[in-house]
Amino acid sequence: SSRQLKGEARQGDKTKKEDSGEKATPTENPLETVTEVKKEGVLSLVLPENTKVSGKVSNIEETTSIGYELGKLLNAGDIICLTGDLGTGKTHITKGIAKGLGIDEYITSPTFTIVNEYDSGRLKLNHFDVYRVSDPDEIYAIGFDDYIFSDAVSIIEWANYIEDILPKEYLHIHIEKNLDNGENFRTITLTPYGERYNYIKELK
């Protein structure tokens, strides 16, 4: 893969994947600057197209709120790749996205089943957790391509563990702990790969 997704190496995994340190770059018309703003703890974006976007939150509710606003914008077939250390809030973002899609089911991370499916919203949601996937064959065996190349929205937690088999276009969301400001502070960065995800500039 020409791109490197940030992510924490799995504890106890002999084949750890480390963050390359390289900056993620959008595939179309890349811009070097990161626009970082804060409005009541939630991203407030007025951006040119294909820009990496970063904002800060101070609690779980604000993290979930970003997911909710994003969920209202998602289109059929969108793929969201989530990365970040354990406990940063990937599942909270997912819960917010599900709410934004109108899904009223309880969202849990499919750590052992790899994927959970939710059908009660305006779009179907496929929620992947690939933390325990050690070989791409494991995820191909459950029909990965059939899931992500469908009309459903797909969210992939720990996507950096399967980056070699990700499609060319997706929205990457990286969550990073910001412990200098407090235990619950996070920096959330959204990077769109492909023009279809330019709607992130509409987040409020």
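These legends describe an overall view and several close-ups of a predicted model. Residues are numbered from 1 along each chain as its sequence is written, and side-chain values use heavy atoms, with hydrogens and water left out. Local features need pLDDT of at least 70 and side-chain atom pairs count only at pLDDT 80 or more, while totals for chains, interfaces and linings use all residues.

**View 1. The whole protein chain.** The protein chain has four helices and eight strands (DSSP runs numbered from the N terminus: helices are H or I of at least four residues, strands E of at least two). Their order along the sequence is β-β-α-β-α-β-β-α-α-β-β-β. The chain has 204 residues, and 51% of them count as buried (under 20% relative accessible area, 1.4 Å probe, protein chains only). Its accessible surface is about 9900 Å², with 45% belonging to carbon and sulfur atoms (Shrake-Rupley method, 1.4 Å probe). Of the contacts between residues at least 6 apart in sequence, 62% join residues at least 24 apart (contact: heavy atoms within 4.5 Å).

**View 2. Helix 1 against helix 2.** The crossing is right-handed (the near helix is turned clockwise from the far one by less than a right angle).

**View 3. Residues at the helix 1 and helix 2 contact.** From helix 1 come Ile60, Thr63, Thr64, Ile66, Gly67, Tyr68, Leu70 and Gly71. They meet His92, Ile93, Gly96, Ile97, Lys99 and Gly100 of helix 2. Six of these contact residues are nonpolar, seven polar and one charged; Gly counts as polar.

**View 4. The buried side of helix 2 and its cover.** Buried here are Lys90, Ile93, Thr94, Gly96, Ile97, Ala98 and Gly100. Their cover includes helix 1, strand 3 (79-84), strand 5 (125-129), strand 6, strand 7 (170-177) and strand 8 (186-193). Just after helix 2, Gly102 takes a positive phi of about 85°.

**View 5. Ser154 in strand 6.** Strand 6 covers residues 153-157 and holds Ser154. Ser154 counts as buried because its relative accessibility is 0%. Beyond neighbours within four places in sequence, Ser154 contacts Asp78, Ile79, Ile80, Asn126, Phe128, Tyr147 and Ile148.

Terms used. Buried < 20%, exposed > 50% of the residue type's maximum accessible area, 1.4 Å probe, protein only.
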